[in-house]
Amino acid sequence: MDRSKLDGLMRPKSIAIVGASTDPTKIGYTVVKNIIEGGYEGKIYPINPKATELLGLKVYPTLMDVPDDIDAAVITVPAKLVISVVEDAGKKGVKGLIIITSGFAESGNRKLEQEVVAKAQEYGVRILGPNIVGTLSNAEKLNASFAPTLPLPGKGALISQSGALLISLDMATFTRKVGFEKLISIGNMSDIDFADLVEWLDEDESVSSISLYIEGFKDGRKFMDVAKKAKKPVIALKAGVSAHGAVAAASHTGSLAGAAKVYGAAFQQAGVVQATDLNNLFDLSLTLSLQPPMYGDNLVIITNGGGVGVLATDAAERFGLPLKFVPKDVQEELKKHMPEFGSAKNPVDLTGMAGYDWYYDTVKFVIAHAWTEGLVILYCETAMTDPMEIAKGIIVALDEANVHGKPVTISFVGGEKSEKAMQWLVEQNIPSFSAPDLAVHAISALREYARMKEIVSESDHQTIPVDKEQALRIIKLAREDGRDSLTEVEAKQVFAAYGLPTTTTLLAKSEDEAVKLAKEIGFPIVMKIVSPDILHKSDAGGVKVNIKDVTSCREAFKTIMANAKEYKADANIHGIAIQEMAPWGTEVILGSVNDATFGPTMMFGLGGIFVEILKDVTFRVAPVSKNSALRMIGEIRGAPILAGVRGEEPRDREMLAETISRYAQMIVDLQDDVSESDANPVLVYAEGKGLKVVDARIILKKK
Ligand code: ADP
Ligand code: MG
């Protein structure tokens, strides 16, 4: 990426406001006023052909009339005039445009927006927006927006796809006491998108974390690539993940692959910390901008009260960091710094008598101890102790211990004094929260961040020998037949080309051929209807399992045909599939969707009621390495079933992971053709015994 253009846009030495107005009710007036009041130290050039002076500044008729260079221009003129301003800006050599004007793609005017972007590209000018509030930076003392004021200063950046939300959060920084260095409204993302800004902010010294409020990406892969490489923590709050309004899907996987699942998978794979709600977005922005990642699971909680200690302990388990007792030698040492009735195990309970000294002693010792990997300090306000004194004891202890790379979060529960003490703690770079579970949630995010980053550093790219040509040939034949789905027989051939173990499956066109093929394969066999018009075969009475002899084979042929005709009189029937009867195994489902935002995406879960009712499935944006596949297998709730429970042998997870990985490769290779697919069920056998795909479905993209 060429940084110079974004540098000009985000850190301009001079800024013009095209559409600057002398009418105080206009945005063009507000922006000029905000830039002045924010304390901007660069040059300000209001542009308006009908005015000469505004708020003490000389007004120029057009950009071309400004005698100096202009780095950035804020545009507030009506939509239809924007394109000519872009032309002027291009000729003038402006680096970036902050297009506040609305009335583009968001209200159906896609074409106008495209024209504006094309014009900007002609001159190499970058565009933020249109349809935005603007950008705000404390470091630049620049409020190039119509939001009322620069936010409370902090170390994080916040990029918001919603303008109204950005304005309200701007004001909320003061009441929540969580500051931001930058607030950026991204609007329609006609040019500059989340990925561009994350990439730029990652190199910007004034911010140390990057928070995003996202309604939807245009290019999910581009974002993932940038986020994976980011050195600073990226935190995302994705809105719009409920089922409401989701489109109906053709396959099981399609119906399960909602935005929550796919975005969640993508964030995890890219090392992006997910916020659960707006409050959490603030908490995480604060925490990740101030504290280092937590590199291990050894969390210590120090408290002066049993109640908050238990609440924090519960939260630790809930957020994936269950507490362990600290080692014996640590306990021995800690006992020296607390009364008889305290507890040195974890939580370390100093009791309500704890004042400056006990907090100081224990914090200093615990943070420096090699076993400790993260520390949560709790304090319940008491009548005998002073919150500010405790806060000071903590900060002096942390300063003297001078330990790096171990995060600390704090919660003081109490009144005004506690609030004040926490505000001061935040100023000392220690994230502090009004409830113990919030402090634990925050530190667990630092743990999660470290875990994800470790995984992100592994590559998901691999070379698996496959027969892509064969797969494409089968798809081509089906297309020539005028179809947009493959039959089970065809889908299994595609799977087989990717080395997925499928049951031998042959197509019989007549009863006699069925008998012949059954003998070839060997009884017992399974018989299934093969029709592009019958996707769910059991529903049509189209599946007969465990057929043991010729008589039953002939009978099954007749029954299945009759059932199919009854189910759908005009169904195009290719024949009946004769296949080997796979022995019983643990049923799992593999599936894929071609997500509109992230492209080929893989699903895995246990079959039967686990997928139907419990929806116990997990997703990855493909490709998926074997290691990632093993993690998928380990992260579903039903994982113990595959690991072997109650005397059952563990299932062949190695082979399953290999299969998932191959499947993922298949959907990447065939993404121009395959829209959804599943292998449902796959029967998984005991360790070393492999697995079998017994049913296969591939839906093609409409062409
Ligand atoms: P559909 O999902 O279209 O209804 P399936 O091919 O999945 O049809 O068959 C229904 C069920 O029959 C499967 O879930 C599985 O339990 C069983 N089954 C299908 N094929 C085989 C086979 N080759 N070996 C063993 N069991 C099978
Ligand atoms: Mg099935």
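1. Two strands are taken to pair if DSSP finds at least two bridges between them, and strands (E, at least two residues) as well as helices (H or I, at least four residues) are DSSP runs numbered from the N terminus. On that basis strand β5 (residues 72–75) and strand β6 (residues 96–99) run parallel and are joined by 4 bridges, and Ile-75 has Ile-99 as its bridge partner in β6.

2. This is a predicted model, in which local features need pLDDT of at least 70 and side-chain atom pairs count only at pLDDT 80 or more, while totals for chains, interfaces and linings use all residues. Residues are numbered from 1 along each chain as its sequence is written, chains are lettered from A and ligands numbered from 1 in the order in which they are written, and side-chain values use heavy atoms, with hydrogens and water left out.

3. The open sheet has 5 strands in the order β2-β1-β5-β6-β7, with parallel pairing. Because β2 (43–47) and β7 (126–128) stand at the edges with a single partner strand each, one side of each is left without a neighbour in the sheet.

4. Around ligand 1 there are 18 residues, of which Lys-528, Lys-537, Ser-538, Ala-582 and Asp-695 come nearest (a residue is near if one of its heavy atoms lies within 4 Å of the molecule). Among the polar contacts (pairs of N or O atoms within 3.5 Å), a polar side-chain atom of Lys-528 lies 2.6 Å from an oxygen atom of ligand 1, whereas a side-chain N or O atom of Gln-579 is 3.0 Å from a nitrogen atom of ligand 1.

Key:
A polar contact is a pair of N or O atoms within 3.5 Å; within protein, one must be able to donate a hydrogen and the other to accept it, and residues adjacent in sequence count only if both atoms are side-chain atoms.
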